[in-house]
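Hi,

Here is the structure I promised to pass on. Have a look, and below I will go through what turned up in it.

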Amino acid sequence: MTTLINQNPIIYEASAGHSTREWREEDDDENSADAIDAQEIFDLIRSISDPEHPLSLEQLNVTQRDHIQVSDENNSILVEFTPTIPHCSMATLIGLCIRVRLLRCLPSRFKVDISVRKGTHQSEHAVNKQLNDKERVAAALENSHLLEVVNQCLATAT
Amino acid sequence: MPRLEQLAELTGHEDRVWCATWHPTKPILATCSGDKTVRIWQATNAQDPSKWQCTNVLEGGHKRTIRSVAWSPDGRQLATGSFDATTGIWERDEDENGDYECVATLEGHENETKSIAWSNSGALLATCSRDKSVWIWEVEEDNDFECLSVLQEHTQDVKMVAWHPTEELLASASYDDTIKIWKDDDDDWYCSDTLQGHESTVWAIDFAPSGDQIVSASADQTLKIWKRFPPGNPLGIVTPRRGEPVWKCVATVAGQHERCIYSVSWSKAHGLIASAGADNTIRLFEAIDARPEAPGVLVEIVAVAEAKEAHGTSDINSVAWYPSETHGDWLASGGDDGSVRIWRLVQ
């Protein structure tokens with residue numbers, strides 16, 4: 001049996017239902033522009049499965065709404081995530097899953113930066129550099145084995 | 001004020017365009033894409049650069065993204081570098097129907113080939129890869145290519161290779177944040193200098209028309225100009241390696257591009273530098289000697305023109321000036337939107 005990298009992760013309570021968004025007055029107004037915000041990004045990624053546990057990124061506290069910054073006006077998104085342990089070898093895979101999820105769901109006008117939260121991974125710089133190198137990402141997505149793993153993690157994303 | 005005017009938008013690629021390269025002598029452009037094809041575009045009438053047609057689609061040569069494309073100096077052959085780790089050599093069949101066929105496939109790299117470049121004489125071909133190596137190939141008769149050297153001094157992916165415009169001297173840019181200069185000593189290739197200064201991946205490099213300067217583009221959002229100082233230079237710049245020139249950074253362009261810079265082109269016709277990247281903007285710069293009494297020592301970079309949202313909200317992966325004076329004011333660009341655009345510099 002393969003040994004898990006983090007055998008005993010802390011599990012957090014996930015918010016129930018499809019969206020954790022609170023109702024806003026403008027939601028009833030069909031004429032108001034529906035800007036993309038941090039909540040919407042969080043809803044897209046929180047139910048992605050962790051590559052090694054049958055748990056979601058939200059349940060493992062890998063993603064949090066407060067760690068997402070969105071500027072709809074400037075077409076920019078920054079998603080910071082927190083690996084469960086500082087030597088997590090799955091960090092780049094988790095980041096890739098988040099990137100692919102957003103790539104598939106968001107309008108192409110958005111520039112997405114993904115990074116591990118400062119101080120939460122021992123190879124922070126290397127992981128961030130790889131996750132934000134578009135050539136490496138493009139090549140990774142042409143690797144059918146890797147793509148299959150990513151798709152498995154994304155199968156639970158709702 | 002000079003400005004860039006869009007002459008044409010060429011559509012047909014079905015995925016992002018990674019690289020656009022002009023034919024060395026004719027108004028013909030080759031572009032390659034994530035759709036695994038190369039497209040050849042030709043101005044239908046050289047007097048009217050607003051009308052272009054796709055004359056050829058090179059398909060079936062590669063199983064994965066074609067990352068880069070390069071014409072041989074005589075324009076007879078095209079080389080393609082692909083994520084499938086191989087380099088393809090293509091030739092146009094003039095007798096038959098004018099189709100391009102793949103006449104050779106160069107294998108050896110362990111994974112993605114990122115860039116290829118022909119030496120000025122056409123006698124050598126350089127390739128580089130995510131496997132951290134640069135390969136030098138000798139072009140022999142009958143479409144035979146012999147690997148002369150495998151250079152493994154970069155510590156990370158090698159993103160691009162570029163030959164000096166007249167000498168057999170190669171520059172390579174890497175994910176390890178450096179540029180390396182490679183030279184040949186009786187068929188023995190060695191690294192003669194390592195250019196350090198960028199704070200992130202160096203995506204692209206190009207030589208100045210004279211060959212004495214290099215411009216580099218980086219994920220650190222800056223451009224740098226590097227100048228070659230020979231031993232015994234009148235300025236007294238120390239050349240630490242016996243008999244070897246040293247390359248020094250003489251200018252840094254910061255605060256212009258707001259995201260990664262993916263491509264840079266130094267015009268051989270008029271000397272302007274074009275750069276573009278993930279901030280959707282093409283920028284033009286002029287490199288001016290800040291101290292004319294000591295040429296090249298301190299270079300001042302002046303922003304000349306810009307084209308914002310040149311490919312809408314998409315990243316721009318490639319910019320290329322037309323290589324000669326015939327149409328020296330033409331610039332080609334390729335972007336994540338899958339389009340290729342032709343621009344004209346209007347003075």
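Which residue's side chain does A:Glu135 meet in a salt bridge? The partner is B:Lys159, at 2.6 Å from N to O; a salt bridge here is a side-chain nitrogen of Lys or Arg within 4 Å of a carboxyl oxygen of Asp or Glu.

Before the rest, some housekeeping. This is a predicted model, with local features needing pLDDT of at least 70 and side-chain atom pairs pLDDT 80 or more, while totals for chains, interfaces and linings use all residues. Residues are numbered from 1 along each chain as written, chains are lettered from A in the order written, and side-chain values use heavy atoms, without hydrogens and water.

Back to the two chains: there are 11 salt bridges between chain B and chain A. The contact (heavy atoms within 4.5 Å) involves 17 residues of chain A and 27 of chain B. On the chain B side, these residues comprise 12 charged (Asp, Glu, Lys and Arg), 9 polar and 6 nonpolar, where nonpolar means Ala, Val, Leu, Ile, Met, Phe, Trp, Tyr, Cys and Pro, and polar means the others, Gly among them.

There is also a nonpolar core of 36 residues, the largest in the model. Such a core is a set of buried Ala, Val, Leu, Ile, Met, Phe, Trp, Tyr and Cys residues joined through side-chain atoms within 4.5 Å, buried being under 20% relative accessible area with a 1.4 Å probe, protein chains only. A:Val79 is among its residues with the most contacts inside the core, and A:Val79 touches A:Ile41, A:Ile98 and A:Leu102, among others, not counting residues up to four places away in sequence.

Best wishes

Notes:
Buried < 20%, exposed > 50% of the residue type's maximum accessible area, 1.4 Å probe, protein only.
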